[in-house]
Amino acid sequence: MHVNPIMVVDSAAFTLLTIQYNLVAGTLAQYAATTRPDLVCLVEDILRWDVIGQFCLTELGRGLNIFRMKTIATLLPTGDFDLHTPLPSDAKFMPPTVPVKGLPCVAIVFAQLYVNGECRGPRPFLVNINDGYHMCNGVTSKGGSAPVNHALTSFHHVCLPPSALVGDLDKSNKIRRDFMSSIWRVMVGSLAISSMAISDLQMSSYIAARYFQRRHVTSAYGNPAFVLRALYKRAIEQFMDKNLDVRVRHGVVACCKAVMAQHAQVANHALSERMGAQGLFEYNRLSTLYSEIRGVSIAEGDILGLSMRLMADTLAQMYTLPLSTHPDGPLALHEISLFEEATETISSSSDFTQAFAQYVQPRCQLMVESMGHRKAYDAAVDQGVSQCLVDLYLINAIKTDAAWYVERSIFTRRTIMRMEDTALLAALPRLDELLAAMEIESYISSPVISDECWEKFSKTLPVYSSPQAGILAQPTLVLERARL
């Protein structure tokens with residue numbers, strides 16, 4: 001679903017679908033298939049969109065520190081639960097919980113479970129939010145920002161029945177691990193939504209390429225979408241491999257998401273600039289695509305947070321990610337070198353935490369991106385992606401840290417420039433073929449891709465003219481901001 005280009009056409013629908021199917025239905029289905037068969041009907045209603053589902057995890061004042069959430073659910077003597085938001089900063093942040101179109105809304109709300117005054121860690125609760133017209137008693141939703149109605153959701157001593165607790169009451173001696181297991185669909189979503197970068201890249205590169213052809217100019221940016229397809233396929237295979245430690249699978253997701261978002265943002269910025277003023281207008285999509293990928297980089301696990309966790313775990317030798325299938329390649333050597341430098345710094349310090357914070361933490365995302373570059377290259381070569389596209393990807397990855405390659409005498413600056421020129425010359429004659437292979441044209445609404453589209457679009461613009469010009473003013477529904 002997520003790799004379908006139609007997802008890029010409407011990012012709001014993309015967001016809602018991901019919440020509904022992955023976070024809500026996916027989480028409940030795990031329990032419905034095992035300990036909670038009574039949830040089957042609700043899951044079916046959610047899948048049919050008879051009920052809107054939301055996932056209330058992150059709090060306004062906690063950010064990425066979700067384990068220390070302040071929303072509380074207290075077990076009452078009757079067996080019911082009292083769900084409460086102590087302070088405004090403890091409100092659940094982002095889920096669109098405002099009433100919509102008469103469809104009832106339920107949410108999986110995570111709260112600290114208290115039993116006889118003892119905190120037993122975060123647990124998921126099933127909570128009725130609204131009936132599609134009015135909020136349920138004790139539930140408040142503030143905001144409703146466009147285009148997804150993102151809001152702040154708080155609870156004032158909401159009484160929940162015993163069945164609201166999706167898990168169990170038992171005290172655990174591995175609270176953090178149990179909590180991470182309860183939000184495992186977040187990592188599924190992180191991998192799924194990162195694939196949006198592929199369609200994003202296809203759309204932005206197609207729009208820019210067709211515009212450049214009209215203007216008889218070229219761009220020096222190579223489209224990595226074909227390579228990222230290979231990376232995504234490899235990442236799915238590894239994520240679904242139950243023989244791998246779950247932490248390794250999560251690490252694969254972090255690498256995939258980091259590098260996909262990086263390439264999409266670099267491409268959107270570069271191509272937008274090459275399009276001049278046309279790159280700024282919303283009707284050409286590049287500026288909005290940039291904002292959408294920014295959202296992807298934050299949703300379902302912020303890339304920086306994922307990177308910090310992955311680096312801390314791997315440097316502490318808690319697990320190792322799958323090794324390179326091309327260990328002698330320049331990207332593999334770059335990755336190894338960065339990790340060797342970090343390992344040497346950490347091991348030479350008597351305080352792991354301080355050394356990590358001072359040296360590694362500022363470089364975490366760079367290191368994870370280097371892993372992602374190598375993984376993408378390996379996947380593309382192993383899956384037979386066209387050599388000119390692999391070469392273009394390789395040179396773009398090298399340019400992200402060209403100083404290291406020059407410093408290690410692997411390439412000179414002039415060699416890197418020549419490598420890029422050679423790769424571009426090999427790919428350029430195949431431009432039309434490659435654009436067609438992306439199968440993205442039917443999803444493009446930008447008017448700059450052809451003279452015909454531009455002429456049709458220009459006729460929808462409001463006309464202001466003097467009577468002497470003989471041009472009648474034309475009524476239009478186009479917004480004022482669409483005027484040239």
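**Close-up views of a predicted model**

**View 1. The largest nonpolar core of the predicted model.** Within this core of 96 residues, the members that touch the most other members are Ile207, Met260, Met275, Leu310, Met311, Val360 and Val385. The greatest contribution comes from helix α8, spanning residues 246-274, which supplies 13 residues to this core.

**View 2. The surroundings of Leu310.** When residues up to four places away in sequence are left out of the count, Leu310 touches Gly251, Ala254, Cys255, Tyr319, Leu321, Val368 and Met371.

View 3. At the start of α8, a side-chain oxygen of Asp245 comes to within 2.7 Å of the backbone nitrogen of Arg247, while Gly276, which follows the helix, has a positive phi near 65°.

**View 4. Ser182 in helix α4.** Ser182 belongs to helix α4, which covers residues 175-182, and it counts as buried because its relative accessibility is 6%, under the 20% cut-off. A polar atom of the Ser182 side chain lies 2.6 Å from the backbone oxygen of Phe179. Beyond residues up to four places away in sequence, which are not counted, Ser182 touches Thr27, Tyr31 and Phe110.

How values were computed:
Residues numbered from 1 in each chain as written. Predicted model: local features only at pLDDT ≥ 70, side-chain atom pairs only at ≥ 80, totals over all residues. Heavy atoms only, no water. Core = buried A, V, L, I, M, F, W, Y, C linked by side-chain atoms within 4.5 Å. Buried < 20%, exposed > 50% of the residue type's maximum accessible area, 1.4 Å probe, protein only. Helix = DSSP H or I, 4+ residues; strand = E, 2+ residues; numbered from the N terminus. Contact = heavy atoms within 4.5 Å. Polar contact = N/O pair within 3.5 Å; in protein donor to acceptor, adjacent residues only side chain to side chain.
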